[in-house]
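Hello,

Here is the structure we spoke about, handed over for you to look through. My notes on it follow below.

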Amino acid sequence: MNKLILTTAALALTTGMSFADTIRMGTEGAYEPYNYINDNGDLDGFEKELGDELCERANLTCEWVINDWDTIIPNLVSSNYDTIIAGMSITEERDQIIDFTENYTQPDPSAYLALSTEVNLEGAVIAAQTNTIQASFIASSGATLVEFATPDETVAAVRSGEADAVLADRAYLAPIAEADPNLVLLEQQELIGGGVGMGIRESDGALREKFNAAIRSMKADGSLNKLIVKWEIGEQF
């Protein structure tokens, strides 16, 4: 498939372990503030800044690969890139297919965005992005689920009346609600998943541990919390 590749500024000398010359970091580039394409056409966001720092701390040369969300796990397994760093919550279902690093965010509350606070979520039509923890949650709740390939499409479905509400990470929906007076966040929130981590192929245990060490070092020195605050991601560690 066609992919946009963006090279990080991380400098590296791989020591003690044998990895590919370049570690390819797979992301979606469509989920602000986690990862998105900015007005200059460059990859930006919390995970871009985090990933560059993790690569530097892990002494790895890394490049960024943009991939659609609905094929992001299959293309990791197929070795089109070496990691997923794309706002992916750690779940048991996903962990059966790939491995995860330890979480670099706390579990983020999922919120509902609608045109009115009068929406009755029982029996409502709820939009969610395909293959997300929110889609699984809605499907198991008994509500009517409508799925879309991109997060932008889920919000558009609410604006058009195709869906009564969208369920997604609060960190994604809050800026949209703030910018659009016709949209509101509902009071009800859902706690789903075990925080966000990097996806790694099950065969790449050494690479996973290298990133785990880098994540732990950022937690220990407070730099991870600074990024979480800067990008308004959620609770600190």
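Helix axes are lines fitted to C-alpha atoms over the stretch in contact, and the angle between two axes runs from 0 to 180 degrees between N-to-C directions. Helices (H or I, at least four residues) and strands (E, at least two) are DSSP runs, numbered from the N terminus.

This is a predicted model, in which local features need pLDDT of at least 70 and side-chain atom pairs count only at pLDDT 80 or more, while totals for chains, interfaces and linings use all residues. Residues are numbered from 1 along each chain as its sequence is written, and side-chain values use heavy atoms, with hydrogens and water left out.

Helices. The axes of H1 and helix H7 (residues 205-221) cross at roughly 110° and come within 9 Å. H1 is therefore roughly perpendicular to H7 (65 to 115 degrees; under 35 would be roughly parallel, over 145 roughly antiparallel, and the rest oblique). In contact here (heavy atoms within 4.5 Å) are residues including Leu 50 and Leu 54 of H1, and Phe 211 and Ile 215 of H7.

Sheet. S3, S4 and S5 form an open sheet in that order, with antiparallel pairing. Two strands pair if DSSP finds at least two bridges between them. S3 and strand S5 (43-44) are the edge strands, each pairing on one side only. S3 and S4 are joined by two bridges, and Tyr 31 has Asn 35 in S4 as its bridge partner.

Aromatic rings. Rings of Phe, Tyr and Trp (its six-membered ring) pair if their centres lie within 6.5 Å; planes under 30 degrees apart are stacked, over 60 edge-to-face, and the rest tilted. The count by this rule is five aromatic pairs. Tyr 31 and Tyr 172 are stacked, because their ring centres are 4.6 Å apart and their planes are at 15°. This pair links distant parts of the chain, 141 residues apart: Tyr 31 is in strand S3 (residues 30-31) and Tyr 172 in helix H6 (residues 170-179). Both Tyr 31 and Tyr 172 are buried (under 20% relative accessible area with a 1.4 Å probe, protein chains only; exposed is over 50%, partly exposed in between).

Tyr 34 and Phe 46 pair edge-to-face, at 6.3 Å centre to centre with 85° between the planes. Tyr 34 lies in the loop between S3 and strand S4 (35-37) and Phe 46 in helix H1 (residues 46-57), so this pair ties together parts twelve residues apart in sequence. Ring pairs link Tyr 31, Tyr 34, Phe 46, Tyr 104 and Tyr 172 into a cluster.

Regards
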